Amino acid sequence: MAGGLFSISREYFTELGTYDPGMDIWGGENLELSEYILKGDYGDVTDRKKLRERLQCHSFDWFVKNVYPDLFVPGEAIASGEIRSKAKPMCIDSAVDNHNYHKPVNMWPCHNQGGNQYWMLSKNGEIRRDDGCLDYSGGESVIVYPCHGQKGNQEWQYREDNSIDHANTQKCMETSVDGQKLTMKT
């Protein structure tokens, strides 16, 4: 919660043990309430460990795996980086904020600086960055659309020949003749 505010029920916060009275670093509550309280030399934290055991606390990793398994974790991406054309020195380049949803994805000269050219291939076959995924519904263009986790229009397959195929249509990503647009071809 660095730099932000949060609210919590006073009774529940008291049940959690409130802030650690031994934590005298301003802003340390985000560490104190996290799973990292046993990692490092923080002095005697025996009482805090007992509190966590009594409350049967789980780690954030447990939460992600058991409560929110659909959460995309960037560290679990199968691949990441630029998506380059074999034919021309062009890369898939698009912003993925809500102002760019539903707009065609274009090609731009590869610049090796990440940003709008940095993509991740999720274990579910999504090509994504943040909450935006490449989506192809069979029309003329690949667009950026909010990731929905349902595969379908957002499922891609990376092949051994370095091509990327759309799972539903079996069409392959291709650069237009002028190198400016991302197209889909059989």
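In which loop is V67 placed? The residue lies between α4 (60-66) and β1 (79-81), where helices (H or I, at least four residues) and strands (E, at least two) are DSSP runs numbered from the N terminus. The model is predicted, so local features need pLDDT of at least 70 and side-chain atom pairs count only at pLDDT 80 or more, while totals for chains, interfaces and linings use all residues. Residues are numbered from 1 along each chain as its sequence is written, and side-chain values use heavy atoms, with hydrogens and water left out.

V67 is partly exposed, at a relative accessible area of 48%; the classes are buried (under 20%), exposed (over 50%) and partly exposed (in between), with a 1.4 Å probe and protein chains only. Together with F60, W62, F63, Y68 and L71, V67 makes a nonpolar surface patch of about 550 Å². Patches are made of residues with over 30% relative accessible area and no salt bridge, nonpolar side chains (Val, Leu, Ile, Met, Phe, Trp, Tyr) being joined within 5 Å and like charges within 9 Å. Accessible areas come from the Shrake-Rupley method with a 1.4 Å probe, and for residues only the protein chains shown count as cover.

The loop between β2 (90-93) and β3 (106-109) contains S94. S94 is buried, with a relative accessible area of 8%. Apart from neighbours within four places in sequence, the contacts of S94 (heavy atoms within 4.5 Å) are V105, N116, W119, R129 and V144.

Salt bridges were assigned where a side-chain nitrogen of Lys or Arg is within 4 Å of a carboxyl oxygen of Asp or Glu. The count by this rule is 5. One of them joins K123 to E76, with the closest N and O atoms 3.0 Å apart. K123 belongs to the loop between β4 (119-121) and β5 (127-129) and E76 to the loop between α4 and β1, so this pair ties together parts that are 47 residues apart in sequence. K123 is exposed, at 56% relative accessibility, and E76 is partly exposed, at 39%.

R128 and E126 form another salt bridge, with a closest N to O separation of 3.2 Å. Both R128 and E126 are buried. In the salt bridge between D165 and R159, the closest N and O atoms are 2.4 Å apart. D165 is buried, at 9% relative accessibility, whereas R159 is partly exposed, at 31%.
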